[in-house]
Amino acid sequence: MVVPVVTVARARAGTPRRAVLRGAGALAGLVAAGSLAAGCARPEGPDPLEEPLAAARDDAVSAAAAAAAHPELASRLTPLSRARRAHADALAAEIRRARPDRTATVDAAAGATPAPARPAESAAAAVTALRRSLGTARDGAGALALAAEPSRCGLLTSVAASCAGYVTVLG
């Protein structure tokens with residue numbers, strides 16, 4: 001029973017219990033306020049992934065249209081179209097998971113009929129347009145990855161790396 005006596009003696013000689021409790025309460029309040037400020041509150045407006053989602057959908061449609069207009073490019077552009085469609089599906093799934101309030105917007109954009117893709121006048125022009133679009137998508141996804149939560153960073157870097165690879169392959 002010596003231990004409780006020593007503990008009581010130290011408590012009397014040290015900081016008063018009420019001061020410790022007040023400090024703990026203040027610390028808990030700061031932690032709660034910090035977690036709200038750090039993004040735990042529901043964000044407003046569009047999800048940052050909606051922009052790369054729209055780019056992926058546009059690239060998929062453009063690549064498919066260019067492959068149809070220029071059959072000699074089909075072997076290179078069909079996998080690109082599929083990859084960008086897969087990117088769009090993954091980005092849309094992440095938006096639905098993280099922001100259920102944006103599901104209707106994401107799904108409406110997916111169901112919208114895109115403007116008919118006007119095929120480029122030449123195969124070279126089609127490839128150049130796709131390379132430019134993929135470069136923009138690569139840069140945008142990479143920039144978002146730097147500021148994204150860890151759960152989204154992997155998805156964004158994967159999209160950026162894939163776009164970078166296709167820019168090289170189409171070069």
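Predicted model: local features only at pLDDT ≥ 70, side-chain atom pairs only at ≥ 80, totals over all residues.
Two residues are in contact here when their heavy atoms lie within 4.5 Å. Leaving aside neighbours within four places in sequence, L130 is in contact with D59, S62, A63, A66, L77, L80 and L170.

**Helix α6**
- Helix α6 covers residues 123-147, and its 25 residues reach 37 Å from first C-alpha to last, close to the expected 36 Å.
- Its buried residues are A123, A126, V127, L130, L134, G135, A137, A141 and A145.
- These buried residues pack against α3 (50-69), α4 (74-98) and α7 (150-170).

**The nonpolar core**
- The largest nonpolar core holds 30 residues, and those with the most contacts inside it are L53, L77, L80, L130, L134 and L170.
- Two or more residues of this core come from each of α3, α4, α6 and α7.
- Helix α6 gives the largest share, 8 residues.

**Helix α3**
- With 20 residues, α3 reaches 29 Å from its first C-alpha to its last, close to the 28 Å expected.

**S81 in helix α4**
- You will find S81 in helix α4.
- S81 counts as buried because its relative accessibility is 6%, and the cut-off for buried is under 20%.
- Not counting residues up to four places away in sequence, S81 touches A60, A63 and A64.
- A polar atom of the S81 side chain lies 2.9 Å from the backbone oxygen of A60.

Key:
Residues numbered from 1 in each chain as written. Heavy atoms only, no water. Helix = DSSP H or I, 4+ residues; strand = E, 2+ residues; numbered from the N terminus. Expected span 1.5 Å × (residues − 1). Buried < 20%, exposed > 50% of the residue type's maximum accessible area, 1.4 Å probe, protein only. Core = buried A, V, L, I, M, F, W, Y, C linked by side-chain atoms within 4.5 Å. Polar contact = N/O pair within 3.5 Å; in protein donor to acceptor, adjacent residues only side chain to side chain.
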